[in-house]
Amino acid sequence: MSKRILIIGLGLIGGSLALAVKKGYPGTTITGYDIDPQARKLAKSLQVIDDAAVSLEDEAPEADIIIISTPVESTIQVINELLNLPLKKGSLITDVGSTKQTVVEKGSLLNEKGVFFIGGHPMAGSHKSGVEASRERLFENAFYILTPTEDIPVAKMIQLQNVLKATRAKFIELDPETHDRFAGLISHLPHIIASGLVHQVAKTGEKEPLVSQLAAGGFRDVTRIASASPGMWRDILLHNRETLLTMLADWKQMMSEVEKMLVERDEDQIYSFFAEAKAVRDDLPAKKKGALLPFYDLFVDVPDHPGVISDVTAILAQSGISITNIRIIEAREDIMGVLRLSFRSEEDLTLAKAKLSEHMYETYEAP
Ligand SMILES: NC(=O)c1ccc[n+]([C@@H]2O[C@H](COP(=O)([O-])OP(=O)(O)OC[C@H]3O[C@@H](n4cnc5c(N)ncnc54)[C@H](O)[C@@H]3O)[C@@H](O)[C@H]2O)c1
Ligand SMILES: O=C(O)C(=O)C[C@]1(C(=O)O)C=C[C@@H](O)C=C1
């Protein structure tokens, strides 16, 4: 592919897209721009981009493909800047923002300049930010939502997917309103709730610091996302405000119902509340990378014995399997522990499972 690609916003997502596209099309030159000179410098020295642009004015008019990967409020500002620049006729512009209605509304104004704006949102990520956290395989097997407006020709959609197929994500088309409703429900509302839980514990922790130290697997699992970039999430909330106000009202209603069950000591209702949620959660597609399961995790029962972690890692290393994360998550009856191993792909996970069972380790996957 001999196209000039410009990535605006060199953070986790911009960097990961740059790495994936570079891997998929080794001959392509990727230029990066970031408002932060440090991010530009780091992206260049980590070889995430080939060249760093010092201004949009210089680079945007030369680009065939522009990917805007900034927080959503900045995306609106970047589009405003692009609206005032001479852009290459027929060029493709896309974004990666977590909200789509306001971005697509603004982005489609670019189409009047003879370019094609297609909103996008890769449904994978991390609580980490910055180019140093970027990974070439971040989007592998994840859904990549595209929100084209009616005036976008099919050929341009195909061209964009051809560029982005290097991510090995699965493309799906949605209209911006449906996107924001779905993303609100499965990503934005959970983020508010996770941060709310952290606040609630912190409040008690001010007087009784022991509570934070005791916070174990469950609390950590449901609140991991609260460690994400506050600026990015501020923008997401403000750009999906109406949807989230409705969802918060529904959430409060549901919590009132739980409160009532508790006040009335309604055993059956409490049981059903958990049983129905369990059935739905257990039925979610497992092992697929995407909005709900960003990593390929394997749990391993291990004896509480010195050297057990190096034994497990050695077995995997002998088979050339890389572990992306390893964590001891709980102790069982003082004699057993559980290791959570994360892998880059389903193949690695399956092979790891086979190799570990050959060595008599008991393994299981998250439901
Ligand atoms: N983090 C995730 O899990 C995730 C997943 C999917 C989509 N997204 C979306 O991707 C976008 C980027 O998120 P991220 O996690 O990469 O954030 P990040 O904080 O890692 O990177 C954002 C980068 O944009 C730069 N930037 C900000 N304003 C700019 C401007 N006006 N011009 C040029 N550069 C500017 C910042 O300096 C920073 O380097 C956001 O819109 C977010 O909603 C995030
Ligand atoms: O895995 C995480 O840490 C994420 O928060 C990723 C996540 C999500 O909510 O699933 C966050 C925001 C993005 O728009 C898409 C993906």
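Why does Arg 265 count as exposed? With 8 C-beta neighbours inside 10 Å, Arg 265 falls in that class. The cut-offs are these: a residue is buried if 20 or more other C-beta atoms lie within 10 Å of its own, exposed if 12 or fewer, and partly exposed in between, with C-beta atoms placed from the backbone.

Some housekeeping before I go on. This is a predicted model, in which local features need pLDDT of at least 70 and side-chain atom pairs count only at pLDDT 80 or more, while totals for chains, interfaces and linings use all residues. Residues are numbered from 1 along each chain as its sequence is written, and chains are lettered from A and ligands numbered from 1 in the order in which they are written.

Back to Arg 265. This residue is in the loop between α11 (241–263) and α12 (267–282). Helices (H or I, at least four residues) and strands (E, at least two) are DSSP runs, numbered from the N terminus. The phi of Arg 265 is positive, near 50°, and the residue is not glycine. Asn 141 is another non-glycine residue with a positive phi, near 70°. Asn 141 sits in the loop between β6 and β7, and counts as partly exposed because it has 18 C-beta neighbours inside 10 Å.

Next, the sheet. Eight strands form an open sheet with mixed pairing, in the order β3-β2-β1-β4-β5-β6-β7-β8. The edges are β3 (51–52) and β8 (170–173); each has a single partner strand, so one side of each has no neighbour in the sheet. Two strands pair if DSSP finds at least two bridges between them. Strand β1 (residues 4–8) runs parallel to β2, and five bridges join them. Within that pair, Ile 7 has Gly 32 of β2 as its bridge partner. Further along, β6 and β7 (residues 143–147) are antiparallel and joined by four bridges. There, Gly 120 is opposite Leu 146 of β7.

How many of the five residues of β2 are buried? Four are, so β2 is largely enclosed by the rest of the structure.

Asp 34 is buried, because 24 other C-beta atoms lie within 10 Å. Gly 9 is 25 residues away from Asp 34 along the chain, yet their C-alpha atoms are 4.8 Å apart. Leaving out residues up to four places away in sequence, Asp 34 touches Gly 9, Leu 10, Ala 39, Arg 40 and Ala 43. Contact here means that the C-beta atoms of two residues, placed from the backbone, lie within 7 Å.

Three of those names come back in the helix α2. Its buried residues are Ala 39, Arg 40 and Ala 43. They cover an arc of only 100° around the axis, which puts them on the same side of α2. The arc is that of the directions from the helix axis to the C-beta atoms. These buried residues pack against α1, β2 and β3. On the face turned away from the buried side, α2 carries the exposed residues Pro 37, Gln 38 and Ser 45. Gln 47 follows α2 and has a positive phi, near 60°.

Now the ligand. Which residues are closest to ligand 1? They are Gly 9, Gly 11, Ser 74, Gly 125 and Ser 129, in a shell of 31 residues. A residue is near a molecule if its C-beta atom, placed from the backbone, lies within 6 Å of it. At least two shell residues come from each of α1 (12–24), α4 (72–83), β6 (116–122) and α10 (230–239). The largest share, four residues, is from α4. By class, the shell has 14 nonpolar, 15 polar and two charged residues. Ala, Val, Leu, Ile, Met, Phe, Trp, Tyr, Cys and Pro count as nonpolar, Asp, Glu, Lys and Arg as charged, and the others, Gly among them, as polar.

Last, the domains. The assignment gives domain 1 (4–175), domain 2 (178–282) and domain 3 (296–365), with bounds from an automatic or database domain assignment. The C-alpha centres of domain 1 and domain 2 are 31 Å apart. Their contact takes 15 residues from domain 1 and 16 residues from domain 2. On the domain 1 side, the elements giving two or more residues are α4, α5 (101–107) and β7. Both domain 1 and domain 2 supply at least three residues to the shell around ligand 1.
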